[in-house]
Amino acid sequence: PQYFSGSVASGVADLKTDAPLKTTDRLLAGSIGKTFVAALTLRLVEEGKLDLNDKIEKWLGGESWFAELPNAKDVTLRMLLNHSSGIENIDDLESFQKQVRKSGGRNVKYDELISYVLNKKPLFRAGSDYHYADTNYILAGMIIEKVSGKRLYELITERFLQPYKLERTIPSDSSTLPEVANGYFENKPLVVDGKFTINPQWEWAGGGFASTAEDLARWGGLLYSGSVLTPASMDEMFKSTTVGE
């Protein structure tokens, strides 16, 4: 409660060398990174640069692929953030998984990530149900960059990581990341000779950060105590359209 914090580590960071895991070792933080994207979106709403109820066509309608996006004309920014767009999760698609295994070590363009859901039937009518999807946050990231004229990672670093001194949190935007402990996928190391075999950059706004338990706990404390957003924005964040989940 007094914002003192501490952390512990157990086990090893690398099965080959048996190097012990340290509390300062960065780990890929996965979808916890969506909290940074959601908080940034609400900051831009507070500044009048975005409106949660605007259709995403307002910002993305000029993209060559937009008409092929499921529920394209009906999805709002709010629906992206609360996963009620009816758009599939690219991570669940076999075509995406095959491509990651085949060439996941390279950098990917975000339009390519969206391509896996194009011309697919919507899961449901926009706004009528709930389905968790990284795809929603990738689209939200595109909107943020378009309206701000800055890179998503640049904005999150400027607005959150630096002011709140989250010094062990970094964008996972490259196949080489400093001081990130090894991970394993299908019993094979994800980091070989200091380089990720599957580039974390593919996750982008769907997650997109490496951090420590202590940094993430501090960020959670700040965000959910109301130190990051206005009370009105916090109310918006906690509104849910979840049906049955």
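Q: Which residues does asparagine 89 touch, not counting residues up to four places away in sequence?
A: In this predicted model, asparagine 89 touches His131, Tyr132, Ala133, Asp134 and Thr135, with residues up to four places away in sequence left out of the list. Asparagine 89 itself lies in the loop between α3 (77-81) and α4.

Q: Why is asparagine 89 called buried?
A: The relative accessible area of asparagine 89 is 6%. Buried means under 20%, so asparagine 89 is buried.

Q: How far apart are asparagine 89 and phenylalanine 185 in sequence and in space?
A: Asparagine 89 and phenylalanine 185 are separated by 96 residues in sequence and by 20 Å in space, C-alpha to C-alpha.

Q: What makes asparagine 71 count as buried?
A: Asparagine 71 has a relative accessibility of 15%. The cut-off for buried is under 20%, and asparagine 71 therefore counts as buried. The residue is found in the loop between α2 (57-60) and α3, and its phi is near 55°, a positive value in a residue other than glycine.

Q: Why is aspartate 18 called exposed?
A: The relative accessible area of aspartate 18 is 52%. Exposed means over 50%, so aspartate 18 is exposed. Aspartate 18 sits in the segment before β1 (27-28). Its phi, near 60°, is positive in a residue other than glycine.

Q: Why is serine 225 called partly exposed?
A: Serine 225 has a relative accessible area of 40%. The place of serine 225 is in the loop between α8 (213-224) and α9.

Q: How do you know that the buried residues of α4 are on the same side?
A: The buried residues of helix α4 (residues 94-103) are Phe96, Val100 and Ser103. They cover an arc of only 105° around the axis, so they are on the same side of α4. The other side of α4 has Glu94, Lys98 and Lys102, which are exposed. Among what covers the buried residues of α4 is α5 (110-115).

Q: Which residues make the contact of α1 with α9?
A: Helix α1 contributes Ala38, Ala39, Leu42 and Glu46, and α9 contributes Ser233, Glu236 and Met237. By class, four residues of this contact are nonpolar, one is polar and two are charged.

Q: What makes α1 roughly parallel to α8?
A: Helices α1 and α8 pack at an angle of about 30°, and their axes are 12 Å apart. Angles under 35 degrees count as roughly parallel, so α1 is roughly parallel to α8. This crossing of α1 and α8 is left-handed.

Q: Which residues make the contact of α1 with α8?
A: The contact is made by Thr35, Phe36 and Ala39 on α1, and by Trp219, Leu223 and Tyr224 on α8. The residues of this contact divide into five nonpolar, one polar and no charged.

How values were computed. Residues are numbered from 1 along each chain as its sequence is written. This is a predicted model: local features need pLDDT of at least 70, side-chain atom pairs count only at pLDDT 80 or more; totals for chains, interfaces and linings use all residues. Side-chain values use heavy atoms; hydrogens and water are left out. Contact means heavy atoms within 4.5 Å. Helices (H or I, at least four residues) and strands (E, at least two) are DSSP runs, numbered from the N terminus. Ala, Val, Leu, Ile, Met, Phe, Trp, Tyr, Cys and Pro count as nonpolar, Asp, Glu, Lys and Arg as charged, and the others, Gly among them, as polar. Buried means under 20% relative accessible area, exposed over 50%, partly exposed in between (1.4 Å probe, protein chains only). The arc is that of the directions from the helix axis to the C-beta atoms. Axes are lines fitted to C-alpha atoms, for helices over the stretch in contact, and angles run from 0 to 180 degrees between N-to-C directions. Angles under 35 degrees count as roughly parallel, over 145 as roughly antiparallel, 65 to 115 as roughly perpendicular and the rest as oblique. A crossing is left-handed if the near helix is turned anticlockwise from the far one by less than a right angle, and right-handed if clockwise.
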